[in-house]
Amino acid sequence: MNADPQDEDRLSAEEIAELERKYDPETAFRPTGAKIAMVITTLLVAMSVYHFYASGFGLIRELLHRGIHLAFVLGLVFFMFSYRRSNTTEAPPAVWYRLDGVNLLDIIFGILAVVAALYLPLLPPEIVAERVGNPSDFDVLAGTILLVVTLEAARRSVGPTLPIIAIIFILFAIFGPYAPGALKHGGTSWLGLINHLYMTNQGIYGVAIGVMAQYVFLFILFGVLATRIGLGQLFIDLAMVIAGRYSGGPAKVAIFSSAFMGTISGSSIANTVTTGALTIPAMKRVGYPAHFSGAVEATASTGGQITPPIMGAAAFIMVEYLEIPLRDILAAALFPALLHYFGIFIMVHLEAKKLGLRGLSAEELPKAAIVLRQHWLSIIPLGILVYLILSGRTPDFAAVYGIIACVVVGFLNPVNRLNLTDLWNSLAAGARSTLAVGAAAATVGIVVGVVTLTGVGFRLGYVVLQTATDIGNVMGSVWPFNYFTVPQWALFFSLLLVAFACIIMGAGIPTTATYIILVAVAGPALAQLQVEQLVAHFFVFYYGVLADITPPVALAAYAAAGIAGSNPFKTGNTAFRLGIAKALVPFVFVYSPALLLVADGFTWAAFATTLLGAMLGISSLGVAFSGFLMAPLNKLERWWVGLVSLLFIAPGVTTMLVGFVLMLPVLIRQFLHRRAA
């Protein structure tokens with residue numbers, strides 16, 4: 001319907017699911033028999049119904065709500081993820097220690113996880129208050145069990161990196177007296193560690209798991225239901241109507257469709273395989289190289305995590321940390337997200353012009369009138385969700401009524417009609433999508449708990465700041481770098497160090513986990529450099545997202561390479577080049593917070609200057625990387641344009657004017673080349 005139906009390159013639904021399973025550990029569920037599968041599905045539906053009721057109509061204590069959420073997550077992880085990741089979709093043969101595909105040991109682990117997660121929340125609040133600081137032996141036992149099963153659940157669902165980081169932090173808390181230099185501290189006992197991580201809201205039951213239980217679960221469920229009633233198809237079809245006919249049309253379709261899909265999905269890999277199944281074969285068909293086709297889709301799809309209104313889980317974590325309304329977070333995220341897509345669009349357009357690529361023919365494009373007539377109802381739930389957020393309602397209130405709207409529209413929509421079986425499956429799918437991120441959030445709670453217990457965040461912040469200051473002293477003593485002051489160099493190199501740390505951390509763990517850990521660790525360093533809190537949070541978050549397209553562990557790029565049939569590492573390198581705007585924009589809003597709209601000292605003049613400079617700088621970088629403007633550029637011109645682009649990006653009218661003057665020789669030469677051609 002949306003592309004040539006005879007296109008043999010287009011992937012089937014089964015192939016899409018297998019690619020997602022291969023590259024996204026969060027979807028690598030174990031195969032089971034029919035009976036245990038029905039039990040699991042029933043528990044998943046119960047999980048969705050519970051969260052919908054608790055957020056919309058129930059009055060449940062905060063600790064109890066977090067405990068019930070954690071019990072669902074950990075119990076289901078042990079049922080659905082095997083000890084070793086399976087490469088088969090068939091249930092293993094029946095043996096005495098395996099119940100319908102699930103090992104008895106996993107069932108025991110799941111039961112222990114549920115008991116340990118619910119033990120403390122089910123105690124009367126006054127008893128819990130008495131035991132904080134003086135836990136009983138059974139409290140320590142339950143806390144130890146919960147700590148162990150949380151680490152194992154995270155290992156199974158998101159991979160080994162995050163649990164290893166958590167174990168390092170635990171060892172650091174216990175053996176603090178032996179730590180080197182500024183990291184040395186008094187240490188703690190196992191009882192003191194369990195008391196802090198289990199008995200207080202500073203550890204496993206902390207902000208991360210609270211946000212998952214209160215907000216994120218509902219928004220993920222909303223995204224699943226919105227996609228099921230046809231909103232995802234509407235976005236893809238509209239993208240083809242808007243951009244498909246122009247030069248290199250399929251690549252531009254990938255950008256628009258991924259941007260639209262990003263409003264309801266925060267998963268880079270899911271976005272990549274969903275929209276890429278259509279756009280990547282179409283890009284290859286019109287002449288884009290395979291690795292470039294995969295890179296375009298991967299880069300555009302990572303934008304889903306920075307695109308309002310859902311933004312994965314990060315927006316809701318910011319709401320809790322910064323104590324500001326969600327609408328302010330979404331307003332701050334809007335223009336940086338648009339600059340990300342603008343940067344990809346510029347590079348795709350220049351590549352298409354350089355290669356002389358065509359757009360899609362009229363026969364390959366859907367008709368706008370038919371698309372709107374068939375799918376217009378599916379946009380209503382998203383409109384209701386956005387309206388309620390902008391009107392100042394709480395995120396969970398907006399999500400509950402968005403979910404209700406999805407169900408109502410689904411039952412009324414004649415094209416994508418929702419029946420009771422579809423609703424049951426969608427409720428299960430929504431809960432299933434939250435398991436890995438829930439296990440990761442609980443594990444992040446361990447890391448954050450150690451940070452608050454030991455004060456390591458301030459210690460590491462001191463190390464970062466001191467290192468950056470030392471480099472700044474060296475740079476400030478050398479001409480012409482001494483034009484800038486030592487504090488300016490210290491800020492710049494602190495940002496570089498934090499950015500590298502975010503990319504390295506994000507290479508093996510989910511974006512939200514990277515963001516929470518790095519905010520706790522790097523936040524104090526940025527605060528000492530007078531970087532506003534909102535700006536610091538966005539800076540860390542953006543570089544955590546960038547890891548999805550940064551080799552050597554660029555999961556979104558590798559998933560796209562699987563569809564394109566290209567070299568994964570080459571696809572990842574190209575994706576990073578296409579996503580260079582996402583790497584530069586955080587520096588822009590650190591030096592000019594007006595780009596975030598709601599930052600302190602906002603003025604429309606500063607915003608307009610910053611936005612224009614960022615667009616010119618990103619465009620210039622696109623020219624430098626593609627080697628084409630109106631005609632091919634030689635190597636010297638590409639380097640010159642790349643260096644001048646930094647003047648545009650640096651906020652300020654003066655730097656922009658200097659950039660224009662320095663760019664004129666290249667522009668004149670390009671114009672003459674084109675005229676001669």
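Helices here are DSSP runs of H or I with at least four residues, numbered from the N terminus. With that in hand, let's work through some exercises on this predicted model.

**Exercise 1. How many of the nine residues of H14 are buried, and which elements do they pack against?**

Solution. 
- Step 1: Apply the cut-off for buried, under 20% relative accessible area. Seven of the nine residues of H14 pass, so the helix is largely enclosed by the rest of the structure.
- Step 2: Name them: Ala-314, Ala-315, Phe-316, Ile-317, Met-318, Val-319 and Leu-322.
- Step 3: Find their partners. The buried residues of H14 pack against H9, H15, helix H18 (395–412), H23 and H24.

**Exercise 2. Describe how H2 and H9 pack, and sort the residues of their contact.**

Solution. 
- Step 1: Start with the geometry. Helix H2 (residues 34–56) and helix H9 (residues 207–228) have axes 10 Å apart and pack at an angle of about 120 degrees.
- Step 2: Classify the angle. Roughly perpendicular covers 65 to 115 degrees and roughly antiparallel starts over 145; H2 and H9 are therefore oblique to each other.
- Step 3: List who meets whom. From H2 come Met-47, Ser-48, His-51, Phe-52 and Ser-55, and from H9 come Ala-213, Gln-214, Phe-217, Leu-218 and Leu-221.
- Step 4: Sort the residues of this contact: six are nonpolar, four are polar and none is charged.

**Exercise 3. Classify the aromatic pairs Tyr-50 with Phe-72 and Phe-538 with Phe-589.**

Solution. 
- Step 1: Recall the two quantities needed: the distance of the ring centres and the angle of the planes.
- Step 2: Set the limits. Centres must lie within 6.5 Å; planes under 30 degrees apart are stacked, over 60 edge-to-face and the rest tilted. By this rule the count is 31 aromatic pairs.
- Step 3: For Tyr-50 and Phe-72, the centres are 6.3 Å apart and the planes are at 35 degrees, so this pair is tilted. Tyr-50 is in helix H2 and Phe-72 in helix H3 (residues 62–80), 22 residues apart. Both Tyr-50 and Phe-72 are buried.
- Step 4: For Phe-538 and Phe-589, the centres are 6.3 Å apart and the planes are at 80 degrees, which is edge-to-face. Phe-538 lies in helix H24 (residues 533–546) and Phe-589 in helix H27 (residues 580–591), so the pair ties together parts 51 residues apart in sequence. Both Phe-538 and Phe-589 are buried.

**Exercise 4. Is Ile-509 buried or exposed, and which residues does Ile-509 contact?**

Solution. 
- Step 1: Locate Ile-509 in the loop between helix H22 (486–506) and helix H23 (511–528).
- Step 2: Read the relative accessible area: at 6%, Ile-509 is buried.
- Step 3: Leave aside neighbours within four places in sequence; the contacts are then Thr-161, Leu-162, Ile-165, Thr-514 and Ile-517.

Key
Residues numbered from 1 in each chain as written. Predicted model: local features only at pLDDT ≥ 70, side-chain atom pairs only at ≥ 80, totals over all residues. Heavy atoms only, no water. Helix = DSSP H or I, 4+ residues; strand = E, 2+ residues; numbered from the N terminus. Buried < 20%, exposed > 50% of the residue type's maximum accessible area, 1.4 Å probe, protein only. Contact = heavy atoms within 4.5 Å. Axes fitted to C-alpha atoms, helices over the stretch in contact; angles between N-to-C directions. Parallel < 35°, antiparallel > 145°, perpendicular 65-115°, else oblique. Nonpolar A, V, L, I, M, F, W, Y, C, P; charged D, E, K, R; others polar. Phe/Tyr/Trp six-rings, centres within 6.5 Å; stacked < 30°, edge-to-face > 60°.
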